[in-house]
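Here's a quick tour of a protein fold for anyone just starting out. Have a look at the sequence and the 3D view, then follow along with the notes.

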Amino acid sequence: MKKVFTFFLAMVVIFGISGCGKKEYIVFPFSASDVVKIETYYSNSEGDTKEKTLTEEADIDYLYTFFSELPVKDANSDSTNDGSTIKFVFDLSDGTNYELVYIGIAIKKGYLQSETSDFYYFTSSDIIGVWANLSKMRLDF
């Protein structure tokens with residue numbers, strides 16, 4: 001009987017630990033087709049701010065899909081900002097907007113937060129690199 005109890009206790013611990021590493025994803029309260037344009041604002045540690053506006057459907061779909069498939073996890077504590085912040089403003093066809101802010105804490109690590117959806121996630125994806133590559137897309141500056 002003790003062996004059976006020990007086995008079940010061990011299984012509960014193993015499944016509990018594996019559940020802690022569960023991936024989460026951002027779920028937008030709108031579809032990509034609802035987005036009219038995406039305005040982006042990049043600020044770095046020197047205080048420079050750069051703005052890019054995406055209006056092409058393919059570019060909007062790309063960013064929408066990128067964030068929808070980006071693995072994130074709940075962030076429990078604040079870390080030091082590396083000075084890089086990117087704000088994504090999704091302007092929707094109904095006249096409202098949805099804001100998503102990336103706060104860099106290290107190379108390829110940072111936090112994604114949205115006051116619109118009230119979340120604060122950690123991600124280890126290269127969002128700064130994605131933003132930098134947006135200049136290769138069709139953009140309105």
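Let's start with F28: with a relative accessible area of 8%, this residue is buried, since anything under 20% counts that way. Keep in mind that you're looking at a predicted model.

**Aromatic rings**

- The structure holds 15 aromatic pairs.
- In one of them, the ring centres of F28 and F30 are 5.1 Å apart and the planes sit at 35°, so this pair is called tilted.
- F30 counts as buried too, at 8% relative accessibility.
- F28 also pairs up with F90, again in a tilted way, with 5.3 Å from centre to centre and 50° between the planes.
- Why does that pair tie together separate parts of the chain? F28 is in the loop between strand 1 (24-25) and strand 2, while F90 is in strand 5, so the parts it joins are 62 residues apart in sequence.
- F90 has a relative accessible area of 0%, so it's buried.
- Zoom out a bit and you'll find that ring pairs link F28, F30, Y64, F90 and Y98 into a cluster.
- Over at W131, the charged end of K52 sits above the ring, 3.8 Å from the ring's centre.

**Helix 2**

- Helix 2 covers residues 57-68, and its 12 residues should span 16 Å at 1.5 Å a residue. The C-alpha atoms at its ends are 16 Å apart, so that checks out.
- Which residues of helix 2 are buried? They are D59, I60, L63, Y64, F66 and F67.
- Looking down the axis of helix 2, you'd see its buried residues fall within an arc of 160°, so they line one face of the helix.
- The cover over those buried residues includes strand 2 (35-43), strand 3 (49-54), strand 5 (85-92), strand 6, strand 7 and helix 3 (127-133).

**Hairpins**

- Strand 6 (residues 97-106) pairs with strand 7 (residues 109-114) in the antiparallel sense, over 5 bridges.
- A106 stands opposite K109 of strand 7.
- This hairpin has 2 residues between its strands, and K108 takes a positive phi near 60° there.
- Strand 7 also pairs with strand 8 (residues 119-123), antiparallel and over 5 bridges. Here G110 has T123 in strand 8 as its bridge partner.
- The hairpin of strand 7 and strand 8 has 4 residues between the strands.
- D118, in the loop between these two strands, has a positive phi of about 55° even though it isn't a glycine.
- Is D118 buried or exposed? It counts as exposed, at 69% relative accessibility.

Terms used: Residues are numbered from 1 along each chain as its sequence is written. This is a predicted model: local features need pLDDT of at least 70, side-chain atom pairs count only at pLDDT 80 or more; totals for chains, interfaces and linings use all residues. Side-chain values use heavy atoms; hydrogens and water are left out. Two strands pair if DSSP finds at least two bridges between them. The expected span of a helix is 1.5 Å times one less than its number of residues. Buried means under 20% relative accessible area, exposed over 50%, partly exposed in between (1.4 Å probe, protein chains only). The arc is that of the directions from the helix axis to the C-beta atoms. Contact means heavy atoms within 4.5 Å. Rings of Phe, Tyr and Trp (its six-membered ring) pair if their centres lie within 6.5 Å; planes under 30 degrees apart count as stacked, over 60 as edge-to-face and the rest as tilted. A charge sits over a ring if NZ of Lys or CZ of Arg is within 6 Å of the ring centre and within 35 degrees of the ring normal.
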